[in-house]
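Good morning, and thank you for coming. I would ask you to look at the sequence and the model on the screen before I take you through them.

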Amino acid sequence: MAKAISPCIFCQIARSSNSTPLLHSDDKVVAFKDINPSAFRFHQLIEMHYLIIPVEHIPTVNDLQRRNEDYTLVSHMINVGETLLRRDAPQSNQYRFGFHQPPFNSVDHLHLHCFALPFIPRWKQLKYMSLGPLGGFIEAEKLLEKIKPLSPIPP
């Protein structure tokens, strides 16, 4: 019997990235360049907008809970993003990491946006602003606070 093709584009990238070059891949996450970048390497206009996605399909930040597995996954996603940006944009003096919240997410598969700033053109930063109780964009560290387990995380 033929295997069903997943309608989630990010699941397809995570499972077999034949058409999307990966910047990082491990058993938990994969990283790749955003196809519509909002940030570029300063003065060189080289894309510095990466996405880090979990291999496992998790639809949105709303599906994350206060549990060790989710906290550890998001922490790992941030660490991978920081490592890639430090490697590829060491001259940048500001990095930014965060997630879109429903209904503002473009793909229903959890994905961390990783930027080496500035945004070019500057108006693109509007897409990555928090809208308070309406959602919008949530900074990665703020999400970690929100899902931090109540009991201590084992070493």
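Let me begin with a question: in which loop does P103 lie? P103 lies in the loop between β4, residues 95–100, and β5, residues 112–116. A cis peptide bond joins P102 and P103, with omega at about 5°.

Some conventions are needed here. This is a predicted model, in which local features need pLDDT of at least 70 and side-chain atom pairs count only at pLDDT 80 or more, while totals for chains, interfaces and linings use all residues. Residues are numbered from 1 along each chain as its sequence is written, and side-chain values use heavy atoms, with hydrogens and water left out.

On confidence, pLDDT is the predictor's confidence in each residue, from 0 to 100. Its mean over the protein chain is 82, and 74% of the residues reach 70 or more. Over residues 39–43 pLDDT stays under 50. For that stretch the model has 22 contacts beyond four places in sequence, a contact being heavy atoms within 4.5 Å.

Turning to the fold, the protein chain has three helices and six strands. These are DSSP runs numbered from the N terminus, helices being H or I of at least four residues and strands E of at least two. Along the sequence the pattern reads α-β-β-β-α-β-β-β-α. Of the contacts between residues at least 6 apart in sequence, 67% join residues at least 24 apart. Buried residues account for 46% of the 155 in the chain; buried means under 20% relative accessible area, exposed over 50%, and partly exposed in between, with a 1.4 Å probe and protein chains only.

I return to the loop between β4 and β5, where H111 is also found. Is H111 buried or exposed? H111 is buried, with a relative accessible area of 5%. Leaving aside neighbours within four places in sequence, its contacts include F10, L51, I52, I53 and M77. L51 is 60 residues away along the chain, yet the two C-alpha atoms are separated by 6.1 Å.

H111 also belongs to the lining of the largest cavity, together with P59, T60, V61, F99, H100, N105, H109 and L110. A cavity here is a set of points, on a 1 Å grid over the protein atoms alone, where a 1.4 Å probe fits but cannot get out; lining residues have an atom within 4 Å of a point. The lining divides into four nonpolar, five polar and no charged residues. Ala, Val, Leu, Ile, Met, Phe, Trp, Tyr, Cys and Pro count as nonpolar, Asp, Glu, Lys and Arg as charged, and the others, Gly among them, as polar.

A140 is in helix α3, residues 140–147, and is buried at a relative accessible area of 2%.

Finally, two other loops. T20, between α1 (9–15) and β1 (24–25), is buried at 17% and, beyond four places in sequence, is in contact with I13 and F32. I35, between β2 (29–33) and β3 (49–54), is exposed, with a relative accessible area of 87%.

Technical notes:
1 Å grid on protein atoms, 1.4 Å probe; cavity = no way out; pocket = protein on both sides within 12 Å on 5 of 7 lines; lining within 4 Å.
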